[in-house]
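Here's a quick walk through a single protein chain, strand by strand and charge by charge. Have the viewer open while you read.

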Amino acid sequence: MIKDQQERSSTIPLRTTFTLIILLSIGVVVPSLALDTTEKWVAIGPYGGEAVVVTVHPKTDALLAASLHGRLFRSQDAGAHWIGRPFPAELNSKFHAILFNSIDDKSYLLAVSHDHATGSGLYKTIDDGVTWQASPEFQGRSVWALATFPGDPQVIAAGATDGVYLTKNGGQNWQRISPSDKSDLQPVVSVAFDPTDAR
């Protein structure tokens, strides 16, 4: 079962290294040593606008950070250095979610709204942003949220302007699973899976 989360949890799960990442208008900051109120916080960039999404690959620790106005950055060394990644509609897009492929950190999904509706949608890259493929099911629809079912990384949910979509093949095909006539369920800006049920 997929649940539309109306409120975000106030508890942030920490990695075992106790590194906590916080989004600020100047970029990303982390504790300088450990999660301790006596430690100093250090800005690590990137400096390209308000950071609205940060995600970490579960196996390689690659970092992706997206700015409010369509800039995408990548770090391979815990944020010490950042490299801009190309996106065809950067500066005219707003990024809402990034979802790494659980095996390949050069493959990920990007949930986008655009200044012009035709640019909104869900985009996929398999070569770290060199090329992008738009999912036809989302053409002209803003996509706000992404979630992977813990038991199968091929099962992914997307929250969009007109409801909840589900793929069972890693994003090759999507199907809307929420009722189309329920306007009070639209847009869907946050999604999560019941960890015991992928339906």
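## The chain overall

Among contacts in the chain between residues at least 6 apart in sequence, what percentage join residues at least 24 apart? It's 40%, where a contact means heavy atoms within 4.5 Å. Before going on, keep in mind that this is a predicted model, where local features need pLDDT of at least 70, side-chain atom pairs count only at pLDDT 80 or more, and totals for chains, interfaces and linings use all residues. Residues are numbered from 1 along each chain as its sequence is written, and side-chain values use heavy atoms, with hydrogens and water left out.

The chain has 17 strands and zero helices. Both are DSSP runs numbered from the N terminus, with helices being H or I of at least four residues and strands being E of at least two. Out of 199 residues, 43% count as buried; buried is under 20% relative accessible area, exposed is over 50%, and partly exposed sits in between (1.4 Å probe, protein chains only).

Take a look at β6, residues 63–67. Five of its five residues are buried, so the strand is largely enclosed by the rest of the structure. Leu 63, Ala 65 and Ser 67 point one way, while Leu 64 and Ala 66 point the other way.

What does β6 pair with? Ala 51 stands opposite Ser 67 here. The two strands make a hairpin with six residues between them, and Asp 61 in the turn has a positive phi of about 65°.

β6 also pairs with β7 (residues 72–75), again antiparallel, over four bridges. In this pairing Leu 63 faces Ser 75. That's another hairpin, with four residues between the strands and Gly 70 in the turn at a positive phi of about 80°.

## Nonpolar cores

The largest nonpolar core holds 15 residues, and those touching the most other members are Leu 72, Phe 87, Phe 95, Ile 98, Tyr 108, Leu 110 and Trp 132. By nonpolar core I mean a set of buried Ala, Val, Leu, Ile, Met, Phe, Trp, Tyr and Cys residues joined through side-chain atoms within 4.5 Å. β6, β9 (93–100) and β10 (108–114) are the elements giving two or more residues to this core.

Not counting residues up to four places away in sequence, Leu 72 touches Ala 65, Ala 66, Ile 83, Gly 84, Arg 85, Phe 95, Ile 98, Tyr 108 and Trp 132. Apart from this core lies another one of 13 residues, among them Leu 122, Phe 138, Ala 158 and Trp 174.

## The β9–β12 sheet

There's an open sheet of four strands too, in the order β9-β10-β11-β12, with antiparallel pairing. The edges are β9 and β12, each pairing on one side only. Seven bridges join β9 to β10, and Ser 93 stands opposite His 114 in β10.

## Salt bridges

Side chains of opposite charge can pair when their charged atoms come close. The structure holds six salt bridges, each being a side-chain nitrogen of Lys or Arg within 4 Å of a carboxyl oxygen of Asp or Glu. One of them joins Asp 105 to Arg 74 at 3.1 Å, N to O. Asp 105 is in the loop between β9 and β10 and Arg 74 is in β7, 31 residues apart, and both are buried.

Arg 85 and Asp 128 meet in another, at 3.4 Å, N to O. Arg 85 lies in β8 (residues 83–85) and Asp 128 in the loop between β11 (121–125) and β12 (133–134), so the pair ties together parts 43 residues apart in sequence. Both of these residues are buried. Arg 74, Arg 85, Asp 105, Lys 106 and Asp 128 are linked in a network of salt bridges.

Asp 162 also bridges to Arg 176, with the closest N and O atoms 3.1 Å apart.

Methods:
Two strands pair if DSSP finds at least two bridges between them.
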